[in-house]
Amino acid sequence: MQNTIARRVLALLLAPVAVVPLNLAQSTPAADLVITNAKVWTADPTHPTAEAVAVLGDRIVAVGSNSEIGAWRGPHTKVIQAEGKLLLPGFNDAHVHFLAGGMQLDSVQLTDATSKAEFARRIGERARKTPKGEWILGGDWDETKWNPQEIPTKELIDSLTPDTPVFVSRYDGHMVLANSLALRLAGITARTPDPPGGVIVRDAQGNPTGALKDAAMDMAAKAIPPPSHDERRRAIERAMRHALSLGVTSVQNMDPDYADIGVYSELLERGELKVRIYAAPLITDVDDQAKIGIRHAYGGPFLRLGAVKAFADGSLGSRTAYFYDPYLDQPSTRGLLSDEMHPISLMRDRMMKADAAGLQICTHAIGDEAISTILDLYSEIAQAHGGADRRFRIEHAQHMAAKDFDRFAQLHVIASVQPYHAIDDGRFAEARIGHDRASRTYAFHTFRDHGVRLAFGTDWDVAPLDPMQTIYAAVTRSTLDGKNPHGWFPEQKLTVEEAVEAYTMGSAYAEFQENEKGSIAPGKLADMVLVSQDIFRITPESIRATKVLETFVGGKLVWESGGENK
Ligand SMILES: [Zn+2]
């Protein structure tokens, strides 16, 4: 296609001036794709709305009225009549666990189990269908939906799973339930001490109950055989299809295994990588990227590296998010710093190394003291290494200390946030941390007021990958239990425009790609999504019912509702 443009430009230059027609229709190369009769919301403040878009190769070449874009139509142009539907920039999910998401699509579903008995029944049923010795993983159970809200124990499932090791996660990823066979395979007994940054939950006699928190999960996870290359590829292919069906055209993959990156490379080589990936492997392996000389956003439009993912603490749900003050409903604890933070100098050294190498640092920090400690480290790095466009990120940035908003902004830290967590955690957060701390929880509006850049994501497989659920959450803050119909801390609600901006330009900025994608503007990658209703006009409550009609990546129609996957 570039050859065609080059030939036409050349023809134009070589023709005698007097003969060059000034008619745009003749001097413009024909587009490969024209989407017309759409309500285009561009995320480009200089040109916020339009009716039509022209695409040449994988890039947008023109955005304008139906008649302006009509000039780009040629005999071979594919024309899509959008029938007045809303066209948005493709969604860019700034925080996913893509392999886990793909695996979850095919694993036992426990999230909506409403009782202990149902939880056990589903695991038993899965075990009957699972070959002996193969592990049951995934699950994403949520005991807050049960009555009483009790952490499950291995006794619930042991008799149903005598030959099947079970290692099912709590939906926040910070706790698992292992059955007796899994504990045995992992060598965890009453005599095993708690690892730093983790807890082996025990009964009154000191015996493990099967529940393992944070670093203790890793002890058991070591016994799980890693997925084969084929299993990974299948899971990632499933994840890509799911993403495209929801209009997610880019994902930022937190802490992937290197083997996942291997699968991405293989798919890229075959032209089968359809979702754009930015991968942030663990900071514990910072030497690998640093020694090769990979810097932030290294790679091409479909696959890039150059970031590292660090962990400062755990989660609110597992009471491992690290706070200045104790949990109200469990005053003996104020959470746990992660094992990467023992001692903090270990984290400082790794971060200094990453920053010196030009790698972007993305740090999971949820509790106020964890966030504050990471801001201290970021500030030390900026002082030590001088001014640079480094785009530090805090992943989740969930419970802010009042004193830290200004600092967050001054250090130009990006708040990489997942609004769905707000309507989920909003069910129980106040009981855990009280009104004052809850008032600075998922404080999206306060962040914006301070000039902090937001990047939206989901943390899939922790929360649903669907952008419409995320936008609904950010705009309504209506908790999943229905108890806050007017919004939980409604002063923190965003407008639909602000939410979509954070999900497109905001996420693109968070991966150094704001000049390549994130808006529907000439020169940008043609990643777009056509949706069933105008989310800017309908009631906020209706947003989550919005369906994706068509998804385009690099100008190609890659998903169509009611149709086959392209
Ligand atoms: Zn995550």
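Is Asp214 buried or exposed? I looked up its relative accessibility first: at 12%, Asp214 counts as buried. The cut-offs for that call are under 20% relative accessible area for buried, over 50% for exposed and partly exposed in between, with a 1.4 Å probe and protein chains only.

**Ground rules**

I am working with a predicted model, in which local features need pLDDT of at least 70 and side-chain atom pairs count only at pLDDT 80 or more, while totals for chains, interfaces and linings use all residues. Residues are numbered from 1 along each chain as its sequence is written, and side-chain values use heavy atoms, with hydrogens and water left out.

I stayed with Asp214 for its backbone. Its phi is positive, about 45°, although Asp214 is not a glycine. I found Asp214 in strand β14 (residues 208-214). Ala43 also has a positive phi, near 65°, and sits in the loop between β2 (39-41) and β3. Ala43 is buried, with a relative accessible area of 10%.

Next I turned to the cis peptide bonds. One runs from Asn147 to Pro148, with omega near 0°; Pro148 belongs to the loop between β10 (138-141) and α6 (155-158). Another runs from His342 to Pro343, with omega near -5°, and Pro343 is in the loop between β19 (307-311) and α12 (344-356). I noted these cases because most residues other than glycine have a negative phi, and most peptide bonds are trans.

**Entry: the chain as a whole**

I counted secondary structure next: the chain has 19 helices and 26 strands. These are DSSP runs numbered from the N terminus, with helices being H or I of at least four residues and strands E of at least two.

Along its principal axes the C-alpha trace spans about 95 × 55 × 50 Å.

I also wrote down that buried residues make up 57% of the 566 residues. Of the contacts (heavy atoms within 4.5 Å) with a separation of 6 or more, 71% are between residues 24 or more positions apart. The accessible surface comes to about 22800 Å², and 52% of it belongs to carbon and sulfur atoms; the areas come from the Shrake-Rupley method with a 1.4 Å probe, and for residues only the protein chains shown count as cover.

**Entry: the zinc site**

Which protein donors does the zinc ion have? I found His95 (NE2), His97 (NE2) and Asp459 (OD), lying 2.1 Å from the ion. Donors here are N, O and S atoms within 2.8 Å of the metal (3.2 Å for Na, K and Ca), and water is not among the atoms, so sites may look incomplete. Along the chain the donors follow the spacing H-x1-H-x361-D. His97, in the loop between β8 (91-96) and α4 (98-104), and Asp459, in the loop between β23 (454-456) and α18 (467-476), are 362 residues apart, and the pair links distant parts of the chain. His97 is buried at 14% relative accessible area, and Asp459 is buried at 6%.

**Entry: two open sheets**

I traced an open sheet of six strands in the order β3-β2-β7-β24-β25-β26, with mixed pairing. Two strands pair if DSSP finds at least two bridges between them. The edge strands are β3 (49-50) and β26 (556-560), each pairing on one side only. Strand β25 (residues 548-553) runs antiparallel to β26, joined by four bridges, and Val553 stands opposite Lys556. Helix α9 (residues 229-245) lies across β25 and β26, at about 120° to β25; axes are lines fitted to C-alpha atoms, for helices over the stretch in contact, and angles run from 0 to 180 degrees between N-to-C directions.

The other open sheet I followed has four strands, β5-β4-β1-β6, again with mixed pairing. β5 (59-64) and β6 (78-81) each have a single partner strand, so one side of each is left without a neighbour in the sheet. The twist averages 15° from one strand to the next.
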